[in-house]
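Subject: Structure for your review

Dear colleague,

Please find below the structure that I am handing over to you. My findings follow directly after it.

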Amino acid sequence: MGDTLLEARGIVKNYGHVQALRGADFSVEAGEVVALIGDNGAGKTTLIKILSGIEQADAGEILFAGEPTRFHDAAEVHARGIETVYQDLALAPDLDAAANLFLGRELLRPGLLGRLGFLDRKAMQARAAGSFTDLGQTVQLATVPVASLSGGQRQSVAVARALAWASKVVFMDEPTAALGVMQAAKVLDLIRRLRDHGVAVVLISHNMPHVFEVADRMEVLRLGRRVARFRPDDVEMTDIVSAMTGASVDDSKAAS
């Protein structure tokens with residue numbers, strides 16, 4: 001860590017008369033887990049939508065690897081090695097795990113069959129199996145639709161898909177929501193494994209124990225602005241709540 005990979009400066013986003021972001025700042029380094037936290041309406045989801053190319057900012061600047069850039073759409077973001085694991089997972093329930101990993105990026109068979117549009121299912125399943133192995137997960141790949149998998153296994157499919165294509169940054173929106181204790185523990189382990197692969201992870205979560213468990217740093221949004229930056233070892237839960245609610249915060253605890 002040490003080099004900022006993705007940075008937002010002074011991001012502004014309005015929806016009519018509603019100011020969702022009022023000059024928000026954010027940054028994440030390679031191989032770092034940063035928790036983006038704040039109360040409902042703080043602007044977390046809007047900021048992630050802008051950084052993932054779903055929406056455009058009205059003002060402000062985005063830097064990628066130190067260079068000013070503008071993400072025009074999600075396809076451009078994907079080409080930069082940035083992926084998002086959505087809270088609803090965005091999986092195709094009737095397809096198997098391997099097909100979901102390559103959804104929209106299917107591999108074609110070599111030669112004439114590929115030119116005719118035949119899919120290389122064997123190659124996709126082999127690469128999918130490798131992705132799950134890298135994550136320490138066992139998921140039934142063939143013939144079984146993801147709709148029949150457990151919540152934790154579906155979450156693994158979504159994370160494995162992100163890891164398969166993300167070489168730089170993964171955004172994760174409430175990845176442990178509605179999961180049981182064991183399933184949530186597996187997701188937290190997946191986040192650590194992503195970080196160990198050198199991928200930057202941006203975690204949106206209201207689950208503070210999970211945030212303290214995996215985050216290297218926390219960035220707090222309030223009313224569309226970043227109001228605090230912390231490292232988990234330097235703060236208590238009360239410091240986080242104070243920043244989220246607008247109470248005074250001890251500046252000596254702020255992360256550099």
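Arg105 is partly exposed, because its relative accessibility is 25%. Please note that this is a predicted model. The side chain of Arg105 forms a salt bridge with that of Glu83, at 3.0 Å from N to O. This pair links distant parts of the chain, 22 residues apart: Arg105 belongs to the loop between helix H3 (97–101) and helix H4 (112–115), and Glu83 to strand E6 (residues 82–85). Glu83, with 6% relative accessibility, counts as buried, the limit for that class being under 20%.

The salt bridges

In total, the structure contains ten salt bridges. Another of them is formed by the side chains of Glu61 and Arg9, with an N to O distance of 3.9 Å. Glu61 is in strand E4 (residues 59–64) and Arg9 in strand E1 (residues 4–15), so this contact ties together parts that lie 52 residues apart in sequence. Both ends are partly exposed: Glu61 has a relative accessibility of 31%, and Arg9 has one of 39%.

A further salt bridge connects the side chains of Glu219 and Arg229 (3.1 Å, N to O). Since Glu219 lies in strand E9 and Arg229 in strand E10, the pair ties together parts ten residues apart in sequence. Glu219 is buried, with a relative accessible area of 0%, whereas Arg229 is partly exposed at 21%. Salt bridges with shared partners join Glu32, Arg217, Glu219, Arg226 and Arg229 into one network.

Strand E9 and its neighbours

Strand E9 (residues 217–222) has five of its six residues buried, and it is therefore largely enclosed by the rest of the structure. Strand E3 (residues 33–37) runs parallel to E9 and is joined to it by four bridges. Within this pairing, Ala35 has Met218 of E9 as its bridge partner. E9 also pairs with strand E10 (residues 225–230), here in the antiparallel sense and over five bridges. Glu219 stands opposite Arg229 of E10, and the side chains of these two residues also meet in the salt bridge described above. E9 and E10 form a hairpin, with two residues between the strands. In the turn, Leu223 has a positive phi of about 50 degrees.

The largest pocket holds about 220 Å³ of space. Its lining consists of 15 residues, of which His78, Glu83, Thr84, Tyr86 and Arg161 are the closest to the centre. E6 gives the most, namely four residues. By class, nine of the lining residues are nonpolar, three are polar and three are charged.

The second largest pocket has about 180 Å³ of space. Among the residues that line it are Asp94, Asp96, Leu103, Glu106, Leu119 and Arg121. H3 and helix H5 (121–134) are the elements that give two or more residues to the lining of this second largest pocket. H5 provides the largest share, with three residues. The lining of the second largest pocket comprises six nonpolar residues, one polar residue and four charged residues.

Yours sincerely

Definitions and conventions
Residues are numbered from 1 along each chain as its sequence is written. This is a predicted model: local features need pLDDT of at least 70, side-chain atom pairs count only at pLDDT 80 or more; totals for chains, interfaces and linings use all residues. Side-chain values use heavy atoms; hydrogens and water are left out. Buried means under 20% relative accessible area, exposed over 50%, partly exposed in between (1.4 Å probe, protein chains only). Two strands pair if DSSP finds at least two bridges between them. A salt bridge is a side-chain nitrogen of Lys or Arg within 4 Å of a carboxyl oxygen of Asp or Glu. On a 1 Å grid over the protein atoms alone, a cavity is a set of points where a 1.4 Å probe fits but cannot get out, and a pocket is an open set with protein on both sides within 12 Å along at least five of seven lines; lining residues have an atom within 4 Å of a point. Grid points are joined across faces, edges and corners, and a volume is the space filled by probe spheres set on the points. Ala, Val, Leu, Ile, Met, Phe, Trp, Tyr, Cys and Pro count as nonpolar, Asp, Glu, Lys and Arg as charged, and the others, Gly among them, as polar.
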